[in-house]
Amino acid sequence: MIKKVLLRYSTQRATEPILASVIKQTGVLLNILYADFTSRGGEILLSIDAPEQDVGKVIGLLKQRGVEVQELKRVIQLDEEKCFSCGACLSLCPTRALRLADDYSVKLEEDKCIYCEICVPSCPVQALKISKYG
Amino acid sequence: MGKIKVKKSIAGINERIKRGDAVVTTAEEMVELVREKGEVEAAKEVDVVTTGTFAAMCSSGVWLNFGHSDPPIKMQRVWLNDVEAYTGVAAVDAYIGAAQLSETRGFDYGGGHVIEDLVRGKEIALRAIAYGTDCYPRKEIEMTITIHDLNQAVLYNPRNAYQRYAAATNSGEETLYTYMGTLLSNYGNVTFSGAGVLNPLSRDPNYETIGVGTRIFLGGTQGYIAWEGTQHNPTHGLGTIATIGSLKEMSPSYLRGCTIRGYGTSLYVGLGVPIPIINENIARTAGAGEEQLKTELLDYGVPRRDRPVVREVTYAELLSGKIEVKGKEVPVSPLSSFKLAREIADKLKGWIEKGEFFLNPAAELLPRDTAFKPMKQIGVVPLAKDIMTKKVVIATPRDSIASAARIFAEKNFDHLPIVDQNGKLVGIVTSWDIAVAVGTKKRRLSDVLTPKVITAREDEPIDEVARKLERHGISGVPVVDAEGQLKGILTTDDISMLVWRRRR
């Protein structure tokens, strides 16, 4: 399964190699989709592609190290009421998360999305929306 | 092309529609049928082929009539949700264009969105100002209206449904935001518009059935072809149509306002044209496959009117989702909705099968021999001969330095062209040359002239001459004809005067 979580941590934790130690301890490969750090703390958007049990382990360890973990169900949304499948987004998507189905309707596979956001302002009817906080 | 084997009339087809036994196929189905049975059999079998397209068509808009207020107003300027409509016609008539931007929301909202909001029955803020006349004393008005308050709301689109349209890519280093969508740098993607075999005008490219008065599917209701579209260019396979229909009967499913990033607003228009299969020639074009539909891939990285052609492509390649550009596989975006194009062709087919839509024969067919001209160049670029000084004071190589000094002292200029007895330019002497020569043993101009003269041709554009002066750090050039005969002189002063006159 692929689970996406948003990690929030305080400035005190910033110097600790938290992710590296969790990877080492669990052997689970973690994919950082987005990271930001300011004077108020940091946040990392993480994609975990692993069996459910291992995902649980990763989240548990992160919490143990004082990281706030928020599970994200949907970060990018395709409003199917608004979308009329023009396809303007298709060639901009670097991972083919946006693709044309057999019936020529545009489909979004969020698992493949890396949130580069290039599709969002290129949609002529603003049918694509990103919210990093779920 | 031999003798025509199948001959049908539009009246005959309408008769079958009335009886409910007309055979109607969509263009996609027709392609299969022609592939399977050939054009003659297909022509015998099929009465009407339906088409469809759903694409951004900027040359779209709506004629509105608001009715008269009390006291009445002759609208001088009018805004709908802060989007200005053209009202240089009678008192309360106005035309709202799809590409007009909101004065408060910019690219986020424009005429296309107003049109969609009207169709949705939403309330629209109307604001108008006027200068006031004896017959129309009111000077301003502000209220909200809906489409139901309007006497007429007529969609009139000067140019719709291009027969085909060039695909776009970008060779440059920067991402471009164009009316052909977002074009990634270094040939990063390709975009195209058009619904392939469903594209209406591609099914009758010789304009044998489509014409003024042809009844069509427009915005979800029945509309008409009003005229040839602007820029109609059938000679190059780029025909267009002007369309008309009642906005009041239209549906927001087939008319959508949109914003094209970095370009502006537009209107997605749903449009379908029925093609009557009156003979096998029409059956052949109506059933031509995607592999037969070609267009050019243009490089938008070159910001000129005539953009370079990268390669020729077929719609079959474009619709496959990726094509090869410069040895690299590149993802392709359609910009028009094939899904809705298909839905429109199906819907039109249903209407005809149910006897709700009859063919209207064209009152006049569209022209087949027109071409699209580029813009007439406004402000002709002046040439050297247009602004040069023609009465030039000259000297010969044998004249004395003293005589040249006198000339410079009397006249207000710094360049003295030196010509031989035949009037041919042999050199130039400047006031500086004379100043340096005074006090030396030099006596004749031949001793001080510069023989290698930078000159301008009579027919050289001024911009070119100005660049030449700048490049060589000089303030003037003699102007000569092809034989080297001196014709005049052109200085930075002449160019400054020109610029000064232009500004005025």
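Modeller: The domain bounds that I use come from an automatic or database domain assignment. This is a predicted model, in which local features need pLDDT of at least 70 and side-chain atom pairs count only at pLDDT 80 or more, while totals for chains, interfaces and linings use all residues. Residues are numbered from 1 along each chain as its sequence is written, and chains are lettered from A and ligands numbered from 1 in the order in which they are written.

In chain A, the assignment gives domain 1 (2–72) and domain 2 (76–130), and the C-alpha centres of these two domains of chain A lie 27 Å apart. Chain A holds three helices and eight strands, where helices (H or I, at least four residues) and strands (E, at least two) are DSSP runs numbered from the N terminus. Read from that end, the elements of chain A follow the order β-α-β-β-α-β-β-β-β-α-β, and along its principal axes the C-alpha trace of chain A spans about 45 × 35 × 20 Å.

Chain A also touches chain B: the contact takes 16 residues from chain A and 25 residues from chain B, two residues being in contact if their C-beta atoms, placed from the backbone, lie within 7 Å. On the side of chain A that touches chain B, ten residues are nonpolar, five polar and one charged; here Ala, Val, Leu, Ile, Met, Phe, Trp, Tyr, Cys and Pro count as nonpolar, Asp, Glu, Lys and Arg as charged, and the others, Gly among them, as polar.

Chain B, with eleven helices and 33 strands, is divided into domain 1 (10–58 + 155–161 + 185–287 + 335–365), domain 2 (67–150) and domain 3 (384–503). The C-alpha centres of domain 1 of chain B and domain 2 of chain B lie 32 Å apart, and the contact between these two domains takes 15 residues from domain 1 of chain B and 15 residues from domain 2 of chain B. On the domain 1 side of that contact, β21 (255–260) and β22 (264–272) of chain B each supply at least two residues, and the largest share, five residues, comes from β21(B). By class, this side of domain 1 of chain B, the one that touches domain 2 of chain B, has seven nonpolar, six polar and two charged residues. As for the outline of the whole chain, the C-alpha atoms of chain B fill a box of roughly 110 × 70 × 40 Å, taken along the principal axes.
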